[in-house]
Amino acid sequence: MTTSRAHDLWASVRGNEHVLRAIEVSLVADHSIMFIAPPGYGKSLFRAIMTGSSGARHTELTPCLCGYYQDLTQVCTCVPQQIGHWQAKLRKIAPAFDITAYPSRPKFEELFDTRREAFTTMWERVVVARDRHIPKGIEDGSSVGLLKAAYTKLNLSPGAAMRILRVSHSIACLDSACSQIGAAHIAEAIQYRYRDDY
Ligand SMILES: [Zn+2]
């Protein structure tokens, strides 16, 4: 069940294809989703799209206390200790969310670009994906190897690895050419983890 408001909001997004894709993945299995970005980058818009199309939990946060950590347009006024405390808070919240998405400031050309596909086209893919029954485990060697490498090199918690696996399953369900979780699906799911250094 989706609302027409969600459709309109979807059409009003500029740039941020990566966030719209994260929302699409979330909708497959009602994955909880967290949006982290400075003020004015559309976090509330993305949350409103979620409210209009899913029962999944969602929240929005800034990357630091003042909101502008690593922003290109405004200077962050936080001292390092404040940033450390804020990131500790985010790390504490992050395990409650399967997906973290980082909205970004649209490029100038993207402000006038309205060619993106309609909400209904995306939703049709989600409906098909929800009905697919593919194995929830990973079977092929390259997929196992990739998840293992991420677990080891990125120093993931066991919970973070399991979240990646769950999200990989939804991505695989969206991929009509595949009948199992593949390395590409895991690679995409890794992008949706929480990270301090985005
Ligand atoms: Zn700051």
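Analyst: What follows goes from the domains to the core and then to the sheet. This is a predicted model, in which local features need pLDDT of at least 70 and side-chain atom pairs count only at pLDDT 80 or more, while totals for chains, interfaces and linings use all residues. Residues are numbered from 1 along each chain as its sequence is written.

User: How do you know where domain 1 and domain 2 lie in the chain?

Analyst: The bounds come from an automatic or database domain assignment, and they place domain 1 at 1–131 and domain 2 at 133–198. The C-alpha centres of the two domains lie 20 Å apart.

User: What makes residues of domain 1 count as in contact with domain 2?

Analyst: Two residues are in contact if their C-beta atoms, placed from the backbone, lie within 7 Å, and by that test 16 residues of domain 1 are in contact with 13 residues of domain 2.

User: What makes a set of residues a nonpolar core, and which members of the largest one touch the most others?

Analyst: Such a core is a set of buried Ala, Val, Leu, Ile, Met, Phe, Trp, Tyr and Cys residues joined through C-beta atoms within 7 Å. The largest has 42 residues, of which Ala-22, Ile-23, Ile-33, Ile-99 and Ala-101 touch the most other members. H2 gives the most to this core, with seven residues, and at least three residues come from each domain.

User: Why are strands E2 and E3 said to stand at the edges of the sheet?

Analyst: Strands pair if DSSP finds at least two bridges between them, and the open sheet of three strands has the order E2-E1-E3, with parallel pairing. Strand E2 (58–61) and E3 each have a single partner strand, so one side of each is left without a neighbour in the sheet. Three bridges join E1 to E3, and Met-34 has Thr-100 in E3 as its bridge partner.

Notes. A residue is buried if 20 or more other C-beta atoms lie within 10 Å of its own, exposed if 12 or fewer, and partly exposed in between; C-beta atoms are placed from the backbone. Helices (H or I, at least four residues) and strands (E, at least two) are DSSP runs, numbered from the N terminus.
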